[in-house]
Every structure is written in structure tokens, then in C-alpha cells.
Amino acid sequence: MGWIKKLRIRLMEKIRKTNALHYYQSYKENQWKDQKELLKEQDEKVSNLVKHAYAEVPFYKEYMEKHNLPPAYFQSVKDLEKLPIVGKEELKRQKNKVLANNIEDYSPEEKRTGGSTGEPFKYYLPKLSHSLMWANIWRGWNVTGYQPGDKIGVLAGGSLLSGFDVKRRLYYYLNNWIPFSSYNMSEETMDYYVSAMKKKKVKLLYSYSSSAYELANYILKKGYEIQLDGVITTSEVLLPHYREAIEKAFGCEVYDQYGANDGGVTAFECDQHEGLHIGMERCVVEIVDDDGNPVPDGEEGRILLTDLSNYAMPFIRYEVGDYGAITREPCACGRGLIRLTHIKGRQQEFIYSRNKRKVHGGFFSTTFRQYDAVEQFQVKQDQSGEIVIRLRLNDPSFEKQLDRLKQTIAKQAELDKVTIELTDQFEKTKGGKHKFVINNVAETNESVVR
């Protein structure tokens, strides 16, 4: 790392009161440890976290006393199963009971989730957790050769780029970020993004998956030439045809990342592209079925997260709202970190059939990935049993197949009415993300169709 880059990062860390660079250096080495050693370290952290939760967090003290669960019972990751699964709504209801009595000891900072699937969720994060988050993110970026302070283009919305006032511009400058907003992706704007990336010699792009895909399609359409060292996608599901277009447009590999800072997880794809390595130093990831029971490795289920570093507002067995699967099988890259084999989007990404059964949004991803002519899709539902599908096509001849496609979707998803609209305009969240499914029908507790 050059001294100017290092100075800028050090200054940025001093301003935000973090020590991410220190942990980054440690994490780079730590990822090569044997998995058994990493799991042993997790066991110790779980034991310490639960002891703290019992001593300082009213919600957990009351639960553990009611169920006769003294802290001594918690000696390993597996023992977490004795504690309840909690989600955003439960934490909102409990309010002050989930905050540590000694919360101020951890210099917490108020954070909010993006609220793309409902009301924004307020939580508290210690400076330690903030440092570990960036250490994990940088470690993932390092797969491309990145070092903290290297120049990187960031194409995103509110969850990554939260404004362009003087304070935020200073933050971007110290991090050596070149910000590109995902809110306006007009051809004129994308022309500017491409020329700016060339002029500023950007070699790495960090982007929402859909935004990188949209820019990639524009580059391919115009026949522009641009060469990057890597593209890192995040915040949205990276579909196979997204990856293909992005790699072709930017002449490099795509590395996917997954993160949920409220739950303490950051996971990154290595050069083997066989799942995402979990930052085990900070987070325990569990996969359970719809009844809350653990599922075998490789089997898909609900993702639960335990942040091992957040003592201010402990997130233990926190249901982040995503589906996925994990594997403990060794990766060919040699890292000991457990991997997420895949992420299947938000629980809220459902539509309802005529019988009010849930149809997971992954059904539509699987359906449309079969057709090269479909560049982008979005499903909207305002009434059970009926949906509107917005499609962007790259081949007008595919329009002949739309009637048959509607019939197939209606039959398989048990829908009364399927409408298809051809368009280049798609709704985005307040954070500038593309949503695959927009469901305006009230939540039910019926069974799930995948």
C-alpha cells in the first residue's frame, strides 16, 4: 500500500473511530486456518457472548431463567439451538429489553437497514463490529488483488452511497471511491460512467448486481471497450446471465458478495466461484427449516445469524429474511472458512397463488434464465392469483412465445391471470436497488411453493 493511500485510510479510520485496517491484516492470514480451529474459536466466542447476554441483556436473561438455561450450558455453536429465533418484528417489540444494560461501554452507533422489504429497522452497532465489517469486506475484495486505499468505482444507491454532501464526498475521497449513482441509469448517464471510469483509470467496480448488469448491457450494445481487474457484486441475487454479461463487458471475472450488517455476516466469493466464504470470525450462520429445525449441509433453509462481536445489542439466532444453504466441505482455494453455497433472496420475495399459497421469487428466476431473450424481469402482485410481469427483451421475435410463457407460468404457479408488459422501465427501491418481486398483498402464513 502506497504511503498516500495508507495515510488517507488512516485518516478515514480516525474520523469514524474504527480499526478495520488492523483486523484486515489479521483476517487475511486467519482465512487460511484449518476449519476445526476456526470452529473452536467460534465456540469460545459463543460461550462469552451468551454469558454477556445473560448478565446484561434483559430479554435473554428472562428467557434463559424461564427455561432453566444457565450460561454454563452454552459451550459451543450447536448450543445456540437452545435459544429462540428472533426477527426484526420481535426485536422491535422488545425494544429496550434487547439492549445491553452497559451499552454505552461499546461506543454504539445507531444504524438502520434499508427498509426495501418494509419499514426501516433501527439497531445499534459497536465500533468493533463496524471495524470487523470493513475488515471482512476488504478481505473479500482482496481476491481481485485489491488493497485498502486502492481506487474503486462504486455503482449503487443509498445502502452503499448515502449522499453527495461535503461530508460524504470527503468519505469517498479518503476511501478512494469513485461514486456512481444507480438511481439514474439513462444512456447519457451511463455514457458518463464509462468515460469517467476510463479517465480515472478505475480497475475495480463494486456494484449492485442489477446495476452492473444494466451498465454491462449498455457497454455491449454500444460496442465500448473497457478492461477492469474485477467486478464485485452485492446486495442483490447475481443471476447467471448477469454474471455472463458483466464478465463479457468488463473483460474480467465477477466476484459475488453477501452481507447483512445487522446480523454480522459478510461472505465473499473466491476465484473458484464455488460458493461464498463466510466471515466466521464475526458471525455464526445456521440454516433451519420452516419449523426452526437444523437442516443438513447443502440443504436449503432459512438463514439465521449470530453476530459474535455485537455486545451492545446482541443479535443471536437472528432471522435476516433470506434463504440459502451452507457447506463445510473444503474449498479448492484452501481457505478454511465455511461457505454459503447459494443465496435465494428475501423471504418477502413471494407472490401468492389463487389458493393463497406462497410462490417463491426464485421460481421466476429459474423460469426466465432459460430464455436468452429475457434481459430483465420484474413481477408485481396487487391481488392474490394475479400478477403483472415486466420484461425487457433483446430479441423481438421472442414476443411470439409470450402467450405460451404466460400459460406455463399460470399453470405452474397456480395463478388465475398473468399479464406481461414489455418495457425498459422498472421500479427500484428507495436505495436504488432492482426488486425482482413487488408484492402488495398482505402477508399470510400459508405453505410455500418453490
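Predicted model: local features only at pLDDT ≥ 70, side-chain atom pairs only at ≥ 80, totals over all residues.

Reader: Nice. Is Lys-61 buried or partly exposed? And what about Glu-65?

Author: Lys-61 is partly exposed because its relative accessible area is 32%. Glu-65 is also in the partly exposed class, at 47%.

Reader: How many salt bridges are there in the structure?

Author: There are 25. One of the pairs is Arg-139 with Glu-281, at 2.7 Å from N to O. That pair links distant parts of the chain, 142 residues apart: Arg-139 belongs to helix α6, and Glu-281 to the loop between β9 and β10.

Reader: Why does Arg-139 count as buried?

Author: Because its relative accessibility is 1%, and buried means under 20%. Glu-281 is buried too, with 6%.

Reader: What does Arg-317 pair with?

Author: Arg-317 meets Glu-286 in a salt bridge of 3.0 Å, N to O. Arg-317 sits in the loop between β11 and β12 while Glu-286 is in strand β10, so the pair ties together parts 31 residues apart in sequence. Both residues are buried.

Reader: Which residues are networked with Glu-37?

Author: Lys-33 and Glu-41: the three are linked in a network of salt bridges.

Reader: Changing topic, in which sense do β16 and β17 pair?

Author: Antiparallel, over seven bridges, with β16 at residues 374-383 and β17 at 386-393. Val-374 has Leu-393 of β17 as its bridge partner. The hairpin of these strands has two residues between them, and Gly-385 there takes a positive phi near 85 degrees.

Reader: And how does β17 pair with β18?

Author: In the parallel sense, over six bridges, with β18 spanning residues 417-422. Leu-391 stands opposite Leu-422 of β18.

Reader: Where is Lys-151 found, and is it buried or partly exposed?

Author: Lys-151 is in the loop between α6 and β3. It counts as partly exposed because its relative accessibility is 31%.

Note on methods: Residues numbered from 1 in each chain as written. Heavy atoms only, no water. Helix = DSSP H or I, 4+ residues; strand = E, 2+ residues; numbered from the N terminus. Buried < 20%, exposed > 50% of the residue type's maximum accessible area, 1.4 Å probe, protein only. Pairing = 2+ DSSP bridges. Salt bridge = Lys/Arg side-chain N within 4 Å of Asp/Glu carboxyl O.
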